[in-house]
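Work through the following exercises with the sequence and the model side by side. Each task is followed by a solution that goes step by step.

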Amino acid sequence: MPYLNINEVESGVISLAAAFPKAELVQLPEPTFEGRTCHALRIGTHRLEPKPAVVLIGGAHAREWGSSEILVNLAADLLHAHTGGTGLAYGGTSFTSAQVRTIMEELDVVVFPLVNPDGRNYSQTVDPMWRRNRNPARSGGNPAAIGVDLNRNYDHLFDYRTAFHPLAPVRVSDDPADPDQVYQGPEPFSEVETRNVRWLLDRFTRTHWFVDVHSYTQKMLYVWGDDQNQSVDPAKNFRNPLFDGKRGLKDGLLYAEFVDEGDADDSAVLAERFCEALKGVRGTEYTPEPAFDLYPTCGTSDDYAYARHILSDQEEEKILAFTIEWGTAFHPPWAEMKKIVLDVDAGLVQFCLTAAA
Ligand SMILES: [Zn+2]
């Protein structure tokens with residue numbers, strides 16, 4: 001089986017919901033520019049009260065094809081194992097039937113494998129290196145200026161020219177024709193795809209963990225992405241205009257982003273457990289690290305998801321947020337991608353198990 005096309009991803013999600021009573025089909029509210037309706041799955045045993053939820057999304061960046069396969073297979077693995085009363089084996093990493101049951105009973109695992117179907121379709125049929133969605137609204141008729149980088153479109157330090165130091169190498173652009181395809185869009189949540197993800201976090205009010213699956217660099221990233229982490233000075237935070245123009249440098253002197261020490265520790269442990277289980281499959285090493293260590297960013301899903309509880313005036317639950325960068329290429333040969341699916345799914349099962357504990 002080669003990579004799934006967008007109809008196959010969608011039918012994979014829908015058929016799992018049809019086959020397994022422990023899987024609930026969740027239709028996302030907004031169709032894409034090209035008219036496609038998106039679906040997610042909530043998997044887990046039913047309870048009257050909502051359970052703590054792990055929300056996993058993939059396929060936001062069009063060319064990172066394997067992310068959808070990773071999430072469809074994860075859902076299928078958990079459902080088959082739970083229904084059959086078996087464990088799960090991924091190379092040298094395995095889980096008992098009792099561990100599978102723990103995940104299914106203690107958590108809602110919410111899987112949204114294809115955030116950006118228009119982009120994936122374009123990448124698989126026209127331009128393999130396409131990254132953005134296919135919204136032409138700001139293109140001015142220029143085909144090279146179609147689309148928005150969805151992982152720059154979330155509401156976190158969106159006004160980067162104000163927030164960051166002029167010399168910070170922040171990887172974002174306000175030019176629709178940006179050749180690196182990191183155009184952020186005209187405003188936060190201007191795109192249906194990011195609004196769908198926000199809706200998913202709103203709908204699952206007990207979301208405590210969020211993972212956005214991307215490629216590539218073999219890393220498991222956690223917040224923050226805009227600057228180095230620190231847990232000593234709460235005044236140094238993304239909402240404080242005193243630090244505008246100072247963020248995003250590696251020196252750590254002008255600014256570092258405050259994170260609660262307990263959250264920083266919990267995030268590091270979850271990322272380490274993910275990497276350990278992944279390595280157990282066939283020895284592949286992924287690095288757990290704060291997202292800023294890759295390069296400074298703004299408007300990303302993980303920073304947004306974690307920042308929600310800080311910005312909320314209600315009792316918004318805290319979400320620990322992560323970005324996986326699987327593999328060493330955007331679409332490796334399928335034989336290798338199949339192995340990466342096993343690697344990452346082993347890591348994600350362990351991630352869920354650690355979360356459930
Ligand atoms: Zn990506």
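**Exercise 1. Determine in which helix Asn196 lies, whether Asn196 is buried or exposed, and which residues Asn196 touches.**

Step 1. Asn196 is placed in helix H6, residues 192–203, where helices (H or I, at least four residues) and strands (E, at least two) are DSSP runs, numbered from the N terminus.

Step 2. With a relative accessible area of 0%, Asn196 is buried; buried means under 20% relative accessible area, exposed over 50%, and partly exposed in between, for a 1.4 Å probe and protein chains only.

Step 3. Leaving aside residues up to four places away in sequence, Asn196 touches Leu28, Pro29, Glu30 and Phe112, a contact being heavy atoms within 4.5 Å.

Two conventions hold throughout: this is a predicted model, in which local features need pLDDT of at least 70 and side-chain atom pairs count only at pLDDT 80 or more, while totals for chains, interfaces and linings use all residues. Residues are numbered from 1 along each chain as its sequence is written, and side-chain values use heavy atoms, with hydrogens and water left out.

**Exercise 2. Locate His61 and describe the surroundings of its side chain.**

Step 1. His61 belongs to the loop between strand S3 (53–58) and H2, and at 3% relative accessibility His61 counts as buried.

Step 2. Apart from residues up to four places away in sequence, the residues that His61 touches are Arg131, Asp149, Asn151 and His214.

Step 3. The side chain of His61 makes a polar contact of 3.1 Å with that of Glu64 and another, of 3.0 Å, with that of His214. A polar contact is a pair of N or O atoms within 3.5 Å; within protein, one must be able to donate a hydrogen and the other to accept it, and residues adjacent in sequence count only if both atoms are side-chain atoms.

Step 4. Although 154 residues separate His61 and Ser215 in sequence, their C-alpha atoms are 8.7 Å apart in space.

**Exercise 3. Two of the residues that His61 touches, Arg131 and Asp149, also meet each other; identify the interaction and its setting.**

Step 1. The side chains of Asp149 and Arg131 form a salt bridge, at 2.8 Å from N to O, a salt bridge being a side-chain nitrogen of Lys or Arg within 4 Å of a carboxyl oxygen of Asp or Glu.

Step 2. Asp149 and Arg131 are 18 residues apart, and both lie in the loop between helix H4 (117–125) and helix H5 (160–163), so that the pair links distant parts of the chain.

Step 3. Both partners count as buried, Asp149 at 0% relative accessibility and Arg131 at 3%.

**Exercise 4. Find the salt-bridge partner of Arg42, and state which residues belong to the network that includes this pair.**

Step 1. Arg42 forms a salt bridge with Glu24, and the closest N and O atoms are 2.7 Å apart.

Step 2. Arg42 is in strand S2 (residues 39–43) and Glu24 in strand S1 (residues 23–27), 18 residues apart, and the pair links distant parts of the chain.

Step 3. Arg42 counts as buried at 10% relative accessibility, whereas Glu24, at 27%, counts as partly exposed.

Step 4. The network of salt bridges links Glu24, Arg42, Asp108 and Arg203, and a search of the whole structure finds 20 salt bridges.

**Exercise 5. Describe how helix H1 is placed, comparing its buried side with the face turned away.**

Step 1. H1 (residues 6–19) has 14 residues and reaches 20 Å from its first C-alpha to its last, close to the 20 Å expected at 1.5 Å a residue; the expected span is 1.5 Å times one less than the number of residues.

Step 2. The buried residues of H1 are Ile6, Val9, Glu10, Gly12, Val13, Leu16 and Ala17. They lie on the same side of H1 because they cover an arc of only 155 degrees around the axis, the arc being that of the directions from the helix axis to the C-beta atoms.

Step 3. An α-helix has 3.6 residues a turn, so residues three or four places apart point the same way.

Step 4. The face turned away from the buried side of H1 carries the exposed residues Asn7, Ala18 and Ala19, while the cover over the buried residues includes S1, S2, helix H2 (66–84) and H4.

Step 5. At the start of H1, a side-chain oxygen of Asn5 comes to within 2.9 Å of the backbone nitrogen of Asn7.
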